[in-house]
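Visitor: Please take me through this model in questions and answers, and give the cut-offs as the terms come up.

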Amino acid sequence: MNRTQAEKLLLAAVKCNPGLWGEHSRTAAYIAETIADACDDLDGESAFIMGLLHDIGRKFGVSGLKHVVDGYAYMTELGEEGIAKICLTHSFNNRKLNEYIGRIDIPVQQQEWLSSYLKVVQYDDYDRLIQLCDALAGNGHVMKLEERMLDVKKRYGYYPQAKWDTNCKLKEYFERKTGWNLYELLQKETWHL
Ligand SMILES: [Fe+2]
């Protein structure tokens with residue numbers, strides 16, 4: 001899959017379920033590509049596509065945890081295993097199903113499958129990158145990590161402390177890896193869609 005094909009998939013998906021998640025996805029794609037380009041061993045275009053399609057499961061309607069498994073199934077069906085993995089891992093920076101913020105709207109059997117998948121799956125830098133991008137991407141602009149997490153906390157009423165702490169560590173990890181202050185690298189104050 002190349003970026004043009006990915007953009008087409010996102011456009012079609014947002015038509016099926018209109019919402020700000022399209023802007024959020026494009027912002028995550030920008031963040032992912034910019035950070036990846038600043039790392040010697042990451043590919044910018046792959047990161048862009050993963051950022052763009054991490055929430056593609058929202059194509060199938062307004063949902064909570066369901067968007068994660070819907071995205072996985074959809075990308076697997078298209079033969080895109082790498083992106084399918086991102087659809088699952090982006091919401092679980094500590095590999096724990098019970099840290100999902102939002103509605104648990106999948107059957108118990110699927111929850112059990114997801115839980116065991118998260119226990120065995122190997123996370124690489126792309127998984128870590130998209131987890132961070134999700135936590136920095138507003139709907140068309142780059143957000144301060146704490147600002148975005150507080151916004152989520154306000155909307156959902158809670159934010160697991162361990163998930164919060166891991167996001168902060170991910171930011172530190174990519175700042176070490178790129179040698180950049182990420183807000184400067186991403187031109188947080190001036191960049192927008
Ligand atoms: Fe998501």
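Visitor: Methionine 75 is found in helix α4. Is methionine 75 buried or exposed?

Guide: This is a predicted model, where local features need pLDDT of at least 70 and side-chain atom pairs count only at pLDDT 80 or more, while totals for chains, interfaces and linings use all residues. Residues are numbered from 1 along each chain as its sequence is written. A residue is buried if 20 or more other C-beta atoms lie within 10 Å of its own, exposed if 12 or fewer, and partly exposed in between, with C-beta atoms placed from the backbone. Methionine 75 has 24 C-beta neighbours inside 10 Å, so the class is buried.

Visitor: Which residues does methionine 75 touch, not counting those up to four places away in sequence?

Guide: Contact here means C-beta atoms, placed from the backbone, within 7 Å. Under that exclusion, the partners of methionine 75 are Leu53, Ile56, Glu80, Ile83, Ala84 and Cys87.

Visitor: How many residues of α3 are buried, and what covers them?

Guide: Helices (H or I, at least four residues) and strands (E, at least two) are DSSP runs, numbered from the N terminus. In α3, seven of ten residues are buried, namely Ala47, Phe48, Ile49, Met50, Gly51, Leu52 and Leu53. Their cover includes α1 (3–16), α2 (21–37), α4 (66–77), α5 (81–89) and α7.

Visitor: How are α3 and α7 oriented to each other?

Guide: Axes are lines fitted to C-alpha atoms, for helices over the stretch in contact, and angles run from 0 to 180 degrees between N-to-C directions. Angles under 35 degrees count as roughly parallel, over 145 as roughly antiparallel, 65 to 115 as roughly perpendicular and the rest as oblique. Helix α3 (residues 44–53) and helix α7 (residues 125–134) pack at about 50°, with axes 10 Å apart. The two are therefore oblique.

Visitor: What is the handedness of the crossing of α3 and α7?

Guide: A crossing is left-handed if the near helix is turned anticlockwise from the far one by less than a right angle, and right-handed if clockwise. The crossing of α3 past α7 is right-handed.

Visitor: What classes of residue make the contact of α3 with α7?

Guide: Ala, Val, Leu, Ile, Met, Phe, Trp, Tyr, Cys and Pro count as nonpolar, Asp, Glu, Lys and Arg as charged, and the others, Gly among them, as polar. On the α3 side are Ser46, Ala47, Met50 and Gly51, which meet Tyr126, Leu129, Ile130 and Cys133 in α7. By class, this contact has six nonpolar, two polar and no charged residues.

Visitor: How are α1 and α3 oriented, and what classes make up their contact?

Guide: The axes of α1 and α3 come within 10 Å and cross at roughly 5°, so the pair is roughly parallel. Arg3, Ala6, Glu7, Leu9 and Leu10 of α1 make the contact with Glu45, Phe48, Ile49, Leu52 and Leu53 of α3. By class, the contact has seven nonpolar, no polar and three charged residues.

Visitor: How exposed is arginine 95?

Guide: Arginine 95 lies in the loop between α5 and α6 (108–120). Although not a glycine, arginine 95 has a positive phi of about 60°. With 16 other C-beta atoms within 10 Å, arginine 95 is partly exposed.

Visitor: Is glutamine 187 buried or exposed?

Guide: Glutamine 187 sits in the segment after α10 (182–185) and has a positive phi of about 50° although it is not a glycine. There are 12 C-beta neighbours inside 10 Å, so glutamine 187 counts as exposed.

Visitor: How far apart in space are threonine 190 and valine 142?

Guide: Threonine 190 is also in the segment after α10, and is exposed, with 8 other C-beta atoms within 10 Å. Threonine 190 and valine 142 are 48 residues apart in sequence, and their C-alpha to C-alpha distance is 9.0 Å.

Methods:
Two residues are in contact if their C-beta atoms, placed from the backbone, lie within 7 Å.
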